[in-house]
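Q: I would like a close look at a single part of this protein. Please take one residue as the point of departure and then describe the elements around it.

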Amino acid sequence: MAGEFIVTKTNHVLFQNLQAITNLQFRAWAEFLNTRSLVAYALSTPVVLCIDQLTALYTTATDTRENNIRSFSFVVPRGRTIRVTEHDFNIILHFTTENHVSDPTTEEIHAFFTLIRSQQPNFFVGEFLKHYLTKPWNFFFHTLIHVFTTKLTNLHGIPLFLQKIGFAISNNRHINIGKLVIDQVILCMGPLEDRTGIDDVLCFYPRFLQLILNDILTDNERETFA
């Protein structure tokens, strides 16, 4: 890789100091998301990034989905090829791992945003806009945007996959969140040839990927990066 490997400032870890949130209503939301929600671990778990490990993953990973199971595979230097599946994302990021139910339908999502009093005039768009929501729900989706999307600008838009995650959290609906997240990771990676040429490589979802690496690499494999 001739270009620079750049870790994007996305996929944040949130709520390290709940007491610093002075608005009591927002603090209650934060405490729920941080400790009792379906995505509590993914929201709140910090990790030290190993740039060499992330580089090895990001510059060798290929889409290897099979039988409707989302996955990608990458190569450890002088080692094995590792396949990471949606099930790994569910287990390592502490999402629900079994008895998954179907994703919410478009009609259910529209009904949900109506229920939480969205004032958006046009419901037939790809993204709901959080600034049309009441302040507590704006805060709720603002939090999710910072963790689960790659957005650096236009933080008002709530993409469809995040609408589904927000719906699932709010209704304690055990959808396959790992599948939604790994889909976004693979989408952001793009074709392998775009990550092995002369251009800079932007690494998205670095924290989630590092948590995956910390779990899946053996001690001997970690030593290859020492």
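Does R70 count as buried or exposed, and what is its relative accessibility?

A: The description below refers to a predicted model. R70 has a relative accessibility of 16%; because the limit for a buried residue is under 20%, R70 counts as buried. This arginine lies in the loop between β2 and β3. Its side chain forms a polar contact, at 2.7 Å, with the side chain of D183. Apart from neighbours within four places in sequence, the residues in contact with R70 are R65, V84, T85, E86, K179, I182 and D183.

The strands on either side of that loop may be considered next. Strand β2 covers residues 62-63 and pairs with β3 in the antiparallel sense over two bridges. Within this pairing, S73 of β3 is the bridge partner of T62. Strand β3 itself spans residues 71-75, and four of its five residues are buried, so the strand is largely enclosed by the rest of the structure. β3 is also joined to strand β4 (residues 81-85) by five bridges, and these two strands run antiparallel. Here F72 stands opposite V84 in β4, and V84 is among the residues in contact with R70. The hairpin of β3 and β4 has five residues between the strands, and R78 adopts a positive phi near 55° in this hairpin.

The largest nonpolar core has 68 residues, and F72 is listed with F89, F141 and F148 as having the most contacts inside it. The largest share of this core, eight residues, is contributed by α6. Not counting residues up to four places away in sequence, F141 touches F112, F113, I116, K130, L133, I158, L162 and G166.

Helix α6 (135-148) also takes part in the packing of helix α1, whose buried residues pack against α2 (40-44), α6 and α7 (160-171). Helix α1 comprises the twelve residues 24-35 and reaches 16 Å from its first C-alpha to its last, close to the 16 Å expected at 1.5 Å a residue. Its buried residues are F26, R27, W29, A30, L33 and N34. Viewed down the axis of α1, these fall within an arc of 160°, so they line one face of the helix. In an α-helix there are 3.6 residues a turn, so residues three or four places apart point the same way. The face of α1 turned away from its buried side carries the exposed residues L24 and T35.

Terms used. Residues numbered from 1 in each chain as written. Predicted model: local features only at pLDDT ≥ 70, side-chain atom pairs only at ≥ 80, totals over all residues. Heavy atoms only, no water. Expected span 1.5 Å × (residues − 1). Buried < 20%, exposed > 50% of the residue type's maximum accessible area, 1.4 Å probe, protein only. Arc of directions from axis to C-beta. Contact = heavy atoms within 4.5 Å. Pairing = 2+ DSSP bridges. Polar contact = N/O pair within 3.5 Å; in protein donor to acceptor, adjacent residues only side chain to side chain. Core = buried A, V, L, I, M, F, W, Y, C linked by side-chain atoms within 4.5 Å.
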